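Please keep the model open as you read.

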Amino acid sequence: MPMSPLKSHYSTVVVGGGQAGLSASHYLSRAGIDHVVFEKKTAAHKWKDERWDAFCLVTPNYQCLLPDHPYDGPDPHGFMVKEEILAYLDRFKAKVKAPIFEHTDVRLVEPLASGFRVETSAGTVTADAVILATSLYADRFIPRAAERLPDHILQLHTADYRNPQSLPEGAVLVVGSGQSGCQIAEDLHMAGRKVHLATGNAPRCARFYRGRDVVDWLTDIGQYEITVEHDGMTRKKHDTNHYLTGRDGGRDIDLRKFALEGMALYGRFDTANGARMQFQPNLRRNLDEADRVYNGINALIDRHIETNAIKTPPPSVYEPLWEPAAEVTELDLDAAGITSIIWATGFTPDWSYAAVPIFDGTGYPVQRRGVTGVPGVYVLGLPWLWTWGSGRFLSVAKDAEHVVDHLISCLPQRLGETRRAANA
């Protein structure tokens with residue numbers, strides 16, 4: 001809790017105390033802007049409360065660039081594990097000293113004649129500007145078909161999974177092959193559990209290629225500087241991240257290799273009826289498309305190497321290690337000995353508190369690098385808010401600084417409006 005009690009008015013209210021909200025607070029404090037941060041739980045809690053025990057970064061540590069808090073440990077090309085990430089964030093929080101009200105739920109943000117009214121569980125305040133930094137990962141998403149499954153099968157979302165030992169004995173079905181689903185499937189597989197994995201349309205990426213981490217190559221090429229406004233990039237804000245891992249120094253995740261080792265693979269989850277689950281007949285297509293992206297990224301690196309005459313090991317093309325003999329579209333959970341299901345089906349945003357006209361037909365905020373069409377309303381921390389790294393430690397600082405700079409440029413006018421309204 002902050003040292004002082006809640007005031008009735010702030011120049012800026014920040015909603016959300018994750019890395020985006022704390023980054024905004026850093027720049028607001030640096031500019032001397034009176035502000036408050038409201039956090040429903042605790043600052044940066046998702047890293048502690050919604051990650052499994054073996055969780056680690058999938059991008060190298062040197063890409064951790066929170067404001068005035070770059071990674072300064074001994075392994076810049078390594079991948080911090082959960083406890084190291086938490087320590088990194090704890091040091092950042094200590095530096096920022098954000099005026100934060102934790103365990104404070106923001107229930108409503110609405111415009112006034114001038115400024116905004118912000119209703120919270122700790123009281124109501126007014127503000128000249130608001131920064132919505134609650135991300136797209138507010139609520140766990142589990143398909144309603146899960147309600148039709150029998151009670152004797154344990155169901156968890158990835159946010160609640162911790163380790164293989166915490167699950168009952170028996171086989172495990174993981175639904176979803178994005179980053180979390182694939183890494184948890186690997187975690188279970190490495191522990192000797194029989195794993196069934198329902199795949200989706202997530203792409204994959206090599207960990208190392210031609211002697212370097214692929215992220216290093218992509219950094220040199222400039223992929224992390226491409227903005228969402230480039231041709232064909234607008235759709236990226238809804239794309240699934242590539243799956244790979246930083247575990248044990250980093251490696252590819254190859255679902256075909258897992259299949260050779262005994263993991264059962266299926267197409268996308270369709271529906272459930274009692275203990276029987278149905279899948280779409282698209283496993284082969286899902287695997288082929290993931291490999292197409294994998295080879296496409298490597299080909300991009302090949303062109304960069306050739307153009308710049310860089311001496312490296314020779315190029316290669318991934319060839320499938322395994323092909324599905326047939327599309328299995330139904331699974332009897334009991335017959336397969338499955339006692340647990342982990343839903344790696346992502347999250348949904350919660351913008352229900354935001355009564356401001358900034359959303360498009362899909363419920364996504366309409367903005368340009370965090371600046372919305374409603375003066376005084378900003379968003380931060382979204383994937384592809386501006387670049388690939390916007391929702392991550394890599395670029396959230398740049399976006400937060402841009403938002404705060406814009407806010408500062410408009411704040412004198414908004415303060416004048418507030419004073420005129422108060423004197424009317």
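The second largest pocket is lined by eight nonpolar, four polar and six charged residues (Ala, Val, Leu, Ile, Met, Phe, Trp, Tyr, Cys and Pro count as nonpolar, Asp, Glu, Lys and Arg as charged, and the others, Gly among them, as polar). This is a predicted model, in which local features need pLDDT of at least 70 and side-chain atom pairs pLDDT 80 or more, while totals for chains, interfaces and linings use all residues. Residues are numbered from 1 along each chain as its sequence is written, and side-chain values use heavy atoms, leaving out hydrogens and water.

The space in the second largest pocket comes to about 220 Å³. Among its 18 lining residues, Asn61, Phe79, Met80, Val81 and Glu84 are the closest to the centre. A pocket here is an open set of points on a 1 Å grid over the protein atoms alone, where a 1.4 Å probe fits, with protein on both sides within 12 Å along at least five of seven lines; lining residues have an atom within 4 Å of a point. The volume is the space filled by probe spheres set on the points, which are joined across faces, edges and corners.

Now to the helices, which are DSSP runs (H or I, at least four residues) numbered from the N terminus. Axes are lines fitted to C-alpha atoms over the stretch in contact, and angles run from 0 to 180 degrees between N-to-C directions.

| Helix pair | Angle | Axes apart |
|---|---|---|
| Helix 1 (residues 19–30) and helix 3 (residues 82–96) | about 30° | 10 Å |
| Helix 5 (residues 214–221) and helix 7 (residues 283–307) | about 55° | 10 Å |

Helix 1 and helix 3 are therefore roughly parallel (angles under 35 degrees; over 145 is roughly antiparallel, 65 to 115 roughly perpendicular and the rest oblique). On the helix 1 side, Gln19, Leu22, Ser23, Ser25 and His26 make the contact (heavy atoms within 4.5 Å) with Phe92, Lys93 and Val96 of helix 3.

Helix 5 and helix 7, by their angle, are therefore oblique.

Definitions and conventions. Helices (H or I, at least four residues) and strands (E, at least two) are DSSP runs, numbered from the N terminus.
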